[in-house]
Structures are given as structure tokens and as C-alpha cells.
Amino acid sequence: MNIFSKKQVLIDRKRREYHRIWRAAALLCLLWTAPSAARTGALPSPIGPAAASDSVHYEYEADRVEYDVQTRRVLLIGNAVFRYREMELSAGRIVVDRRAQRLEAEALPDSTGQKRIGLPHFTRGREHFSGSEMVYDLETGRGRVRGGRAVHQRKYYRGEDILLNNQRELHARDLSISTCEKDHVHYDFLCGDLKVLENDKAIARSVTFRIGPLPVAWMPFYVFPIKASGRQSGLLTPSVGSNSRYGVHVGNLGYYLAPSEYWDATLRATLRERGGVLLDSRFVYAVRNRLNGSVDFSFENGNLSGTSIRNWRLNLYHQQRLNPTLNIRGRGNFTNSASFDRRNSNSLYQYLNQQLRSSFSLDKQWTESNRSLDASLTYYRDQSNNRNSFQGFPRLSFRQGRRAILGGPSGTFGVGRPWYQSIYYSFSGDLDTDFTRTPEPEHNTHDLTLGTRLFLNSQQRPFGWLDFTPSLAISQVSSGNNQDRPTRRESYIASVSSSTILYGIFRPRIGRIRGIRHRLQPQADFRYSQLARVEGGTLGFGGKRIWGDPRRRLNMALGNTFEIKTETDGKERRSTFATARLSTGYDFDLPGQKWQPLRTSASVKPNRRVDIRMRMAHELYNDQGRFSLLSPRLRSFSVTSNFRFQGRTERASSDTERRPGFSMHTTDFGFERDLYDDFDDVTQPWRFTLTHYFDLQKLSGTTRKRSWIKASCGFNPTQNWRFDYAINYDMVRRDITAQNLSIYRSLHCWEARFSWYPTGFNRGFYFKINIKDIPQIKFEHRRGGFGV
């Protein structure tokens, strides 16, 4: 080795020593100037060799920071937090290996050494994971979690070994999925292998559904939707139940397909102990502001009383907007069995409905001229008597909306306009073809009608406060039918009406009341009418016209409205407190008693809790037929009273928070489409509803009364219990027409309800238990009810 090479070696050696000294000094300055709880620095870029010279900033925090110069490892101990780009890792202890670009995190033992604190928690975008140990590669974006636990969209993932990759995917074995946050879950799905795609879906193989530690069901594979919003394809969630009609049944077995934002499809099956298999399919399509529609097809295959049955039902619907003024609509209902809905529906409407309806319509509008044209075809099939009705087959209708004869297309009344510019006209024409076909040809009917109507009116205000409206209406309807009806009907009606409004304003300060306004509206109109009909001929031509007696009638009415203004916490609120209206009439051409009954209607609604409505009719003649204005005879009287009270929910309960959009309908013993829906919102502390109806009718010396009370109440004695009761009582017959009792129990992530119907056509009971966040997973049992 020559002298130059020796000197070069010495120079290189000293240069490396100087570099080590400068790095150590720089690190000491950094540790001396920065507080120990928060550090910042730079790591070599993990993007690749081409960017190795760049620096990527990171942040970390810890109670104590140790730096190993030889191994280039940073040790964060105690409340350690490491941030890099959109990733954040927190743990009791974190090791940052700068040379390998790797993070290692674990929990620390507490002072007793029996528990571990500071479990590693990893966050990347919408991903959240925690576990006992965690390793993450900064360069590849991959990681491993041992004893892991993740939370995503209210779903809890637990597994011993979870792998992460840079494609935002999660891979795991023997992973548990549940919406129960307890360490010992009340239910879960145990997946042998699982792959989770962020904001998309989770694909699992060998899935076991468990209630606690007990396995209940197994599936070879399953797809869990985990999208934050929108529709997503996947398997439907099955449900199990039993009742008197089907026995044990397993429903909702199928798949939901949503490949496009414009259409989706559902195919599901129900397996029944009695009644065989029911297949339901639904195809829905929609283009916003253009078209939408659906196709529903159901098929049953089973055995009924020893007879094999294969029946189907098809429902179609389509609506399309061809252009801004032209629309078409169509629907169709078809089946090969009149009893299909009776066997396969829990809806009372579908159970009782015996008609199939199909129709097609087209409507065209001319907005500038206020004209419209409608064309339609309608077909009814009465399955109870095999009667086919073609109503409006076809039907054409043309309408010309109200339009000023003079004064432009708007024709609106305004100050300073000449009176003749406030004269309006409108007319319409209809062509309608109706006919029926029955098994007995002699009962077949047909009817072709052609109708026209012309209406003229004017709106005048001669004194500025009096509304004066004369009008004339002329209508004709020609008919060609085989039912011995007139071939033409004509009517001519001329009328003059007037009205005004008087106001009275009071400003008391009583409690929250700040103002009362009384609106008094008297009305009067005189009407002259003349009717005619044509017997025989064709569409009214060639027949005999028969004129009816002209009628002249004066109608009078007086309306009263009381409005109040209240103030609460500085906010004003206006509402209608009470209304009252009286009306009667005088028929000039009626023989005998010319005065019409005095009709009275009134309502009182001081707030949203109380609503009382009343109607009465009085005869203005006594028993001898003499006019008696001061002592009218009561002919009819009815009153309906509603009282609703409920406790306020100060904050949403945990059950409601676990079920976004949770709501239930109000119990009603009237006409319900689904008699097995749940009761009121269980988050209400208490509620009480009372409705009373009374009706009295006096006709031809007989008196008829109807009166019933409907009451319902509910309360929560504890946070997890709910009791609801409702009853209908006929006060005339003194009979309970319907009643039910419901008991609700919240079981953390489960809920159960028992409903008992001791009286009425729906007599029986109903029990259901289901998962709150997945209500499709349920077991239900029913005994009794309609159709059984």
C-alpha cells in the first residue's frame, strides 16, 4: 500500500467518525430542545428507492423516549402515539425500527403485574383495530394484529390473528363478527376464513351462527355488507317462525342483487312445514326524473289437503316521463288462483281483496294554454264471481282549465282591471266505454258515454270588501247502453254567490296568550237549476226529451274561526283554537217544508293533545209541520273526542341509538294492513290515548245510537321493560270488540315481544324475539288470527 492510499484510508476513517459525532450531537440537541411528551422527526421515504433521498415527516408522543443509535430504533414507552400520514398507532409501548421501516406495538403491565394497560390501537382512514400485539410495515402498508378487535359501522370483529394489507383489506381466521360490544358476546358469526374490503363487503367461509357459545346454524359461505351507505348485493338474512297456518317455517332465504344504481333484484324463498315452498322475486328499476317500475312474481308449490298446488301471482308497474308534458303509467295484477293471497299473506287488505286491477294511462299537458288530455284503459277481475269489468276501455278526457275570455292568458283578478277582464271560462269533454263479461251472457252490460261540460264565472268586488261571483254551468251526457237508462242527461245551473270576511282582534295577556283573532265569514248564494233527460233514440238523438221541474234555492252559511297567538320562551306561535259553521237553505219550489235543515259543525283544538269535533242537524219544523225557528228538532248528532298524552324523551335511549331510524306505528283497531306490526315507540316513557265516538240518528220515528270508546296506554316501568294495552268497547251493545296486551323486553342486543289478542277476529297470541341491529334474524310464533 503506497503513502497516498494510506492517507486516503485515514481521511475516510476520520470522516466517518466526524459523521457519527455530528449525528449524535444533532440527536442530543433534538432531545434537549423538544419536550419528552411530543417529538417530531423525519423518516426515509417508504415509497421506493427513487425517493430514498427525500424525507417524510412523522409525529410521536410518549411519556419516555429512548433512541438506539447503533440499531436506529426509537422506543416509545407510556401513552405512546405514532402518526404517519393518515395512519395513527397508540399503545403502551411502541418500537420504531427506522432501518426496517417497521412498527411494533404492545401493551404494558400495570403496577400489580396482573393486568395489561395501553392496548395497541390502530387507525387508518375508516379502519379501526385493537389487539394485544401489533406489527405494521410503513413501507408496504401491511400489518398483523394478534388478539385483535376492530369496530366498523357498529360491527365488532374479534380474532386471534388479523392481517392487513396496503389495499385496505383485512384477512383473518377464526374471526367473530357481532354487533354486541360485550367481551362475552350474546351472539356472533364465527367465520373460518374472512376477507374484509373497506367500505364494501366482508366475504366469509364456513360461517357458524352462535347464540352465546351455542352453535345454532352453519353456512358454507356468507357475504356481510359493510358499506357506509347505498345499496349492496348480498345474501338475505334468514328468519325462523311458526304459526297455526304454516307450522314451522324458515323465510327470507335468498339473494339481493344491486349491480347498478338504476336497478336491483331480490329472490327469496320460504320453506313451510305445511304449504310447501313459496318463492318471491322482485325486480325494480328507476332512472331519476325519467322512469321507474317494478316486477313482482310469486310462486307456491306444495300440498293442500292431499292436493298438489302450483299457483302464481304477477304484479307489474311502470311509469315513464317521455317529455316534460307527456307521461305514461301502467300496472297489472294477474294470478291463476283466487285464494293465493289468502294462503300466502299476513296483510289484511290482501287477504280480503278479491279484485285484480290492470290499467294503462297516458296524459299530456299544455301548460301555457292550461289544457290537458288523458287516455286510459282499466280492467277489473272480480275473483269471487268471475266477473270481468272493462271500465274506461278506452276513456278519453280533455280539459281546458280556467281561462279569462278577455285580458290575456293569466286571467287573474287585480285592482284596476276592467270588470270584463274578470270573466272566465272552462270546459271539458269525456268519452267512456264500459262493459262487463260474466259467466251468464244475459248479465253482460255495455255503456258508451259522451259527456261535455261548459262553465262560466266572474269574480267581482264592487265595494272592495264584498266578493260577488255569478256563474253558469251547462253539462250533457249522452249514453248508449243496454240497461234501460236515459240516452241523454242534461243540466243547466245558474248561480250568484256573495261573501265577505269581518275581523275582530283582541290583545289580552293571559298566561301565554298574546292575541285572539275572530274571523266571521257570512255567505249566501242563489241557484237556479233545470234538468232534462232523453228517453230512447241513439246517444240522445231521435228520442223524447223530458224536462224536469225548475228549482230555485237560496243557501246561507255563517262561518266563525278563532285563532290565538301564544308566546313561549320568546317564540310566537299561531294556531286555530276553534271553528263553528252554521248553514241552511230555502227551496222556493219544494212543496211543504221549504226551509232545509240547519246544519252545525264545530271543532275545538286548544293544543295537540285535545281534539273535539261535533256535527248536528236540526229540523226547523215541529211535529205538526209548522216553522219553528226558536225550537228546532234534533235530527242527527255526532261528536268525536280525542285525547293524547305522552311523556317526553329527554335523550335517546341506548336501544334507540343502537337502531338508527327506529320507529313504530300507532296501534289502531281499525283497518290495518299488517296486524302483527309492533306497538308504539318503546323509547316513550309513557303514553295514554283516549278516543270517544257518539252518533245519534232520528229517522222516520226511529232512533239509532252508536257509541264506542277506544283507549290505549303504555309505560316503561324500567329501562328494559315496556307494557302496552289497548281496548275497544261498544257502549251501546256493552261488548268488548277488540283488545290486546303487549309486553316488550330489551335484552341488550336482543329484544323480545309477546302480544295477546283475547277477543276479536284476530284472537290469538304472537311472540317474537330478534336481534336489534339485525331484525331479520328472529324467531316468531303465532297462534290464531285471520285465515287460520
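Me: What makes Glu563 and Arg519 a salt bridge?
Reply: The closest N and O atoms of Glu563 and Arg519 are 3.0 Å apart. A salt bridge needs a side-chain nitrogen of Lys or Arg within 4 Å of a carboxyl oxygen of Asp or Glu. So 3.0 Å meets the cut-off, and the pair counts. Glu563 lies in strand β37 (residues 551-568) and Arg519 in strand β35 (residues 513-535), so the bridge ties together parts that are 44 residues apart in sequence. Keep in mind that this is a predicted model: local features need pLDDT of at least 70, side-chain atom pairs count only at pLDDT 80 or more, and totals for chains, interfaces and linings use all residues. Residues are numbered from 1 along each chain as its sequence is written, and side-chain values use heavy atoms, with hydrogens and water left out.

Me: Why is Arg519 called partly exposed?
Reply: Its relative accessibility is 22%. Buried means under 20% relative accessible area, exposed means over 50%, and partly exposed is in between (1.4 Å probe, protein chains only). Arg519 has 22%, so it falls in the middle class.

Me: How do you know that Glu61 and Arg83 form a salt bridge?
Reply: Their side chains meet at 3.3 Å, N to O. That is within the 4 Å limit, so the pair qualifies. Glu61 lies in strand β2 (residues 55-61) and Arg83 in strand β4 (residues 73-84), so this bridge joins parts 22 residues apart in sequence. Glu61 has a relative accessible area of 29%, so it is partly exposed. Arg83 has 27%, so it is partly exposed. Both residues belong to a network of salt bridges that links Glu59, Glu61, Arg83 and Glu88. The structure holds 35 salt bridges.

Me: Arg613 and Asp611 also pair up. Why is each one called buried or partly exposed?
Reply: First the bridge: their side chains meet at 3.4 Å, N to O. Arg613 has 48% relative accessibility, so it counts as partly exposed. Asp611 has 10%, so it counts as buried.

Me: What makes β20 a strand, and which residues does it span?
Reply: Strands are DSSP runs of E, at least two residues long, and helices are runs of H or I, at least four; they are numbered from the N terminus. Strand β20 covers residues 247-257. The protein has four helices and 48 strands.

Me: What makes Tyr255 part of a nonpolar patch?
Reply: Tyr255 lies in strand β20. Its relative accessible area is 37%, so it is partly exposed. A patch takes residues with over 30% relative accessible area and no salt bridge; nonpolar side chains (Val, Leu, Ile, Met, Phe, Trp, Tyr) are joined within 5 Å, and like charges within 9 Å. Tyr255 has 37%, so it passes the area test. The patch is about 810 Å², and its members include Tyr255, Trp263, Phe297 and Trp312. The elements that give two or more residues to it are β20, β23 (291-304) and β24 (307-323).

Me: Which residues make the patch of positive charge on the surface?
Reply: Arg512, Arg573, Lys605, Arg608, Arg609, Arg644 and Arg648 gather there. Lys and Arg count as positive and Asp and Glu as negative, while His and the chain ends are not counted. Arg573 sits in strand β38 (residues 571-587). It has 46% relative accessibility, so it counts as partly exposed.

Me: Why is Asp569 called exposed?
Reply: Its relative accessibility is 78%. Asp569 lies in the loop between β37 and β38. Its phi is positive, about 55°, although Asp569 is not a glycine.

Me: Why is Arg734 called exposed?
Reply: Arg734 has 70% relative accessibility, so it counts as exposed. It is found in the loop between β44 (721-730) and β45 (735-747).

Note on methods: Accessible areas come from the Shrake-Rupley method with a 1.4 Å probe; for residues, only the protein chains shown count as cover. The place of a charge is taken as NZ of Lys, CZ of Arg, CG of Asp or CD of Glu.
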